[in-house]
Amino acid sequence: MKVWHRRTVVHQVTDARPSLSADIGRREKIYFVQMSIRLVCLVLAVVLSVPWPVRALLVAGAIFLPYFAVIGANQPSRDAPSPFAGESPNQSEIPRHRREIGS
């Protein structure tokens, strides 16, 4: 007689999501690069004597790039752990991600 056993799920290190600090560090680097590009656009728009369409493009980059940089920096990566994932809504308890020291 054969006995069927449930196969246990083995998690590998590569299955782990990046830590919150690693995700924040990645977003900070991306934001820094985008703000550096903005600074270059602004300096080139002032220093270079180029036709007005090129200058307008550089100024537009300097004006609109911060908006996209902030939006991108505030979005966690798809692999980042969500504080709401896997929790059932229990209103009688403070959620784990909102607990403070001493609570």
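Which side chains does a polar contact of 3.2 Å join? They are the side chains of Asp23 and Arg26, where a polar contact is a pair of N or O atoms within 3.5 Å; within protein, one must be able to donate a hydrogen and the other to accept it, and residues adjacent in sequence count only if both atoms are side-chain atoms.

This is a predicted model, in which local features need pLDDT of at least 70 and side-chain atom pairs count only at pLDDT 80 or more, while totals for chains, interfaces and linings use all residues. Residues are numbered from 1 along each chain as its sequence is written, and side-chain values use heavy atoms, with hydrogens and water left out.

**View 1. Helix H1 from end to end.** Helix H1 runs over residues 20-47; helices here are DSSP runs of H or I with at least four residues, numbered from the N terminus.

**View 2. The buried residues of H1.** Asp23, Arg27, Met35, Cys41 and Ala45 are buried in this helix. Buried means under 20% relative accessible area, exposed over 50%, and partly exposed in between (1.4 Å probe, protein chains only). Their cover includes helix H2 (52-74), with contact meaning heavy atoms within 4.5 Å.

**View 3. Asp23 and its two partners.** Here we meet salt bridges, each a side-chain nitrogen of Lys or Arg within 4 Å of a carboxyl oxygen of Asp or Glu. The structure holds two of them. Asp23 pairs with Arg26, their closest N and O atoms being 3.2 Å apart, and also with Arg27, at 3.3 Å from N to O. Together, Asp23, Arg26 and Arg27 are linked in a network. Why can such pairs form? Side chains of opposite charge can pair when their charged atoms come close. Asp23 and Arg26 are three residues apart in H1, so about one helical turn separates them. An α-helix has 3.6 residues a turn, so residues three or four places apart point the same way. Asp23 is buried at 2% relative accessible area, whereas Arg26 is partly exposed at 35%.

**View 4. A nonpolar patch on the surface.** Val59, Ile63, Phe64, Tyr67, Phe68 and Ile71 share about 620 Å² of accessible area. Ile63, in helix H2, is exposed at 52%. Patch residues have over 30% relative accessible area and no salt bridge; like charges are joined within 9 Å, and nonpolar side chains (Val, Leu, Ile, Met, Phe, Trp, Tyr) within 5 Å.

Conventions. Helix = DSSP H or I, 4+ residues; strand = E, 2+ residues; numbered from the N terminus. Expected span 1.5 Å × (residues − 1). Areas by Shrake-Rupley, 256 points an atom, 1.4 Å probe, with all protein chains shown as cover.
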